[in-house]
Amino acid sequence: MLKCPECDAEIKVPPDSIEGEIVTCPDCGASYELVKSADGLGIKPAQVVGEDWGQ
Amino acid sequence: MRQEEEQAHQSSLSSSSSSKPSGKSLFILYDSIRWEEKALYEAAIKKGVKVENVNCKNLAINLNDKNSKYRGQVVLQRSVSYFKNVHSTAALQGLGAQVINPLHAAIMCGNKMYAHMELEKAGIRTPKAVAAFSEESAIAVLDKIGYPAVIKPTVGSWGRLIALLRDKDAARAVIEDREHMFPLYQVYYFEEFVKRPPRDIRAIVVGNRVVAAIYRYSGEGEWKTNMALGGHAEACPVTKELEDVCLKAKNAMNGHIVGVDLMESDSQGLVVHEVNNTTEFKNTVRVTGIDIPGLMIDYALGEGK
């Protein structure tokens, strides 16, 4: 279980999550990227859109 | 396509994606793992493929490395940033990787003006367009072609910064704003406003097949059909006409796996307005049930050298 740095809510990380995946805080909606940490997976603020992003 | 043919078509697609484990390997290059990238990763694992996710933001490449670990390897390019996508593709392809999609497709698909010219050259119907390179010439060319017109940034997606210009006042306001933005936005690209039903088509092409297609309907109070703007999707039958147009569009871009966006023009029939080289397909899988990630992995490994 991880804590949202913005609002302190709990962010559940599903067991099949992978590094680089985006998770969203269920309370405040902030987005985070999963990164490897000493305890498994941690989070850092995610870039959710860039000026040249597209598909 | 008749209903029975459509079912047979879909059944053959589903079965072709459950091939035996190949023992091959590939890289998935990403800058954000969305539903699509995770589905590709899981499809590769399920097929027994050795797969490595590579974050484009962490890449540091020796451009002179004759023994690069990417040489001869398959790289599924999934970076959503146009500039990172084009440059990392150039680097990896230059080092001998089989990048899907290749550099030509990345450059052409990611820029609406380049794509327009490629489609025109290939004789594929696409919305009529004009380009101008200053505020004055932009207003002058709009006076000539008339309103309404659609202004689009040459690079970008998800409907961002696309505006419907109904008259000269609207055009002046939008163009004046753009004069204060990054120079790319002073390349003015205008398309005709195509009269059509309130939907467009997204067709997914994998190799030489259109594997699935959906209608994308505009959200309430919205003229754009992007799913990111609240539209909804329904399955679209893959007709011979649709398949022919999509394959021509894919080939015009030198692409391998692309998402082709089309409109059903009242006067011209199917017109291609975009070809996406890192196409999203979550909604297409949800609506059609086709195993697109599995088909993409099968195709990518068949392409590897």
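Reader: How many of the nine residues of strand S10 (residues 209–217) of chain B are buried?

Author: This is a predicted model, in which local features need pLDDT of at least 70, side-chain atom pairs count only at pLDDT 80 or more, and totals for chains, interfaces and linings use all residues. Residues are numbered from 1 along each chain as its sequence is written, while chains are lettered from A and ligands numbered from 1 in the order in which they are written. A residue is buried if 20 or more other C-beta atoms, placed from the backbone, lie within 10 Å of its own, exposed if 12 or fewer, and partly exposed in between. Strand S10 of chain B is mostly covered, and its buried residues number seven.

Reader: Which residue of S10(B) is the bridge partner of B:Asp200?

Author: Strands are DSSP runs of E with at least two residues, and helices are runs of H or I with at least four, numbered from the N terminus; two strands pair if DSSP finds at least two bridges between them. Strand S9 (residues 199–206) of chain B pairs with S10(B) in the antiparallel sense over eight bridges. Within this pairing, the partner of B:Asp200 is B:Arg216.

Reader: Which residue in the turn between S9(B) and S10(B) has a positive phi?

Author: The two strands form a hairpin with two residues between them. A positive phi of about 65 degrees belongs to B:Gly207.

Reader: In strand S11 of chain B, what is the bridge partner of B:Tyr215?

Author: S10(B) also pairs with S11 (residues 232–235) of chain B, antiparallel and over four bridges. The partner of B:Tyr215 there is B:Glu234.

Reader: Which strands are at the edges of the open sheet in chain A?

Author: The sheet has three strands in the order S3-S4-S5, with antiparallel pairing. Each edge strand pairs on one side only; these are S3 (22–24) and S5 (40–45).

Reader: Is A:Pro45 buried or exposed?

Author: A:Pro45 is found in strand S5 of chain A. Because A:Pro45 has 11 other C-beta atoms within 10 Å, its class is exposed.

Reader: How many charged residues are on the side of chain B that touches chain A?

Author: Residues are in contact if their C-beta atoms, placed from the backbone, lie within 7 Å, and the contact takes 20 residues from chain B and nine from chain A. Ala, Val, Leu, Ile, Met, Phe, Trp, Tyr, Cys and Pro count as nonpolar, Asp, Glu, Lys and Arg as charged, and the others, Gly among them, as polar. The side of chain B that touches chain A has eight nonpolar residues and 10 polar ones, and its charged residues number two.

How values were computed: Two residues are in contact if their C-beta atoms, placed from the backbone, lie within 7 Å.
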